[in-house]
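The following note sets out comments on the model shown below.

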Amino acid sequence: MSLLPDCPPRPSCVSSDAPSGPQHIEPLAFGERTGDAWTCLLALLEATPRVELVEVTGTTIHAVFTTRILRFRDDVNLELREADGQIAVRSCSRVGHSDLGTNRRRVEALRERVTAALAS
C-alpha cells in the first residue's frame, strides 16, 4: 500500500506510483544501498535552501520546496521501500496547471545528487 498521495489530473505532478504516462517517473532505486540513500537524501534535503521538512518519519518524508523567483510552494513526498530497494517519490505543484517540467527536473536532480554522494 502506497503512502504517496495520488497526482491531480494536471501535468504539474510526477509520481513513481503513477501509471505509465506523462506523470510517471521512475523511483529512486539504489538496491542494497537504499537505506544509505535514504539517510543521504534526508541530509541533502536538510541542507537545501528553500526546503522545509514538514514531516519526517522512519519511512516517509514530506518536504515543501519554495521556488526561487515566484515563490511557488511544491510538495515532495518520499517513501522508503527498502524491501524493494527503492524510494518512491512524488513531486507536485500546489497551484497552476503546468510547471514547465520543474517537478520532473527536481526529482532527477535529487536522484543525481544522492547517486553522486553515495559514489564518493
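1. Arg 106 is buried, with a relative accessible area of 11%; buried means under 20% relative accessible area, exposed over 50%, and partly exposed in between (1.4 Å probe, protein chains only). Arg 106 forms a salt bridge with Asp 74, with the closest N and O atoms 3.0 Å apart; a salt bridge is a side-chain nitrogen of Lys or Arg within 4 Å of a carboxyl oxygen of Asp or Glu. This pair links distant parts of the chain, with Arg 106 in helix H2 (residues 102-119) and Asp 74 in strand S5, 32 residues apart. Helices (H or I, at least four residues) and strands (E, at least two) are DSSP runs, numbered from the N terminus. Asp 74 also counts as buried, at 2% relative accessibility.

2. On the basis of these values: this is a predicted model, in which local features need pLDDT of at least 70 and side-chain atom pairs count only at pLDDT 80 or more, while totals for chains, interfaces and linings use all residues. Residues are numbered from 1 along each chain as its sequence is written, and side-chain values use heavy atoms, with hydrogens and water left out.

3. The structure holds 7 salt bridges. One of them joins the side chains of Arg 81 and Asp 17 at 2.8 Å, N to O. Arg 81 lies in strand S5 and Asp 17 in the loop between strand S1 (13-15) and strand S2 (28-29), so the pair ties together parts that are 64 residues apart in sequence. Arg 81 counts as buried at 16% relative accessibility, whereas Asp 17 counts as partly exposed at 32%.

4. Arg 81 has a further salt-bridge partner in Glu 79, the closest N and O atoms being 3.1 Å apart. Glu 79 is buried, with a relative accessible area of 8%. Through shared partners, salt bridges join Asp 17, Glu 79 and Arg 81 into one network.

5. Which residues have the most contacts inside the largest nonpolar core? They are Leu 28, Leu 41, Leu 45, Leu 78, Ile 87 and Val 114, in a core of 23 residues. A nonpolar core is a set of buried Ala, Val, Leu, Ile, Met, Phe, Trp, Tyr and Cys residues joined through side-chain atoms within 4.5 Å. Two or more residues each come from helix H1 (34-47), S4, S5, strand S6 (86-93) and H2, and H1 gives the most, with 6 residues. In soluble globular proteins, nonpolar side chains tend to be buried together.

6. The buried residues of H1 are Thr 34, Ala 37, Trp 38, Cys 40, Leu 41, Leu 44 and Leu 45. Their cover includes S2, strand S3 (51-56), S4, S5, S6 and H2. Leaving aside neighbours within four places in sequence, Leu 45 is in contact (heavy atoms within 4.5 Å) with Val 51, Leu 53, Ile 61, Phe 65, Leu 78 and Leu 110.

7. Cys 40, in helix H1, is buried, with a relative accessible area of 15%. Not counting residues up to four places away in sequence, Cys 40 touches Val 114 and Ala 117. Cys 40 and Arg 113 are 73 residues apart in sequence and 9.2 Å apart in space, C-alpha to C-alpha.

8. Phe 72 lies in the loop between strand S4 (60-66) and strand S5 (73-81). Phe 72 is partly exposed, with a relative accessible area of 39%.
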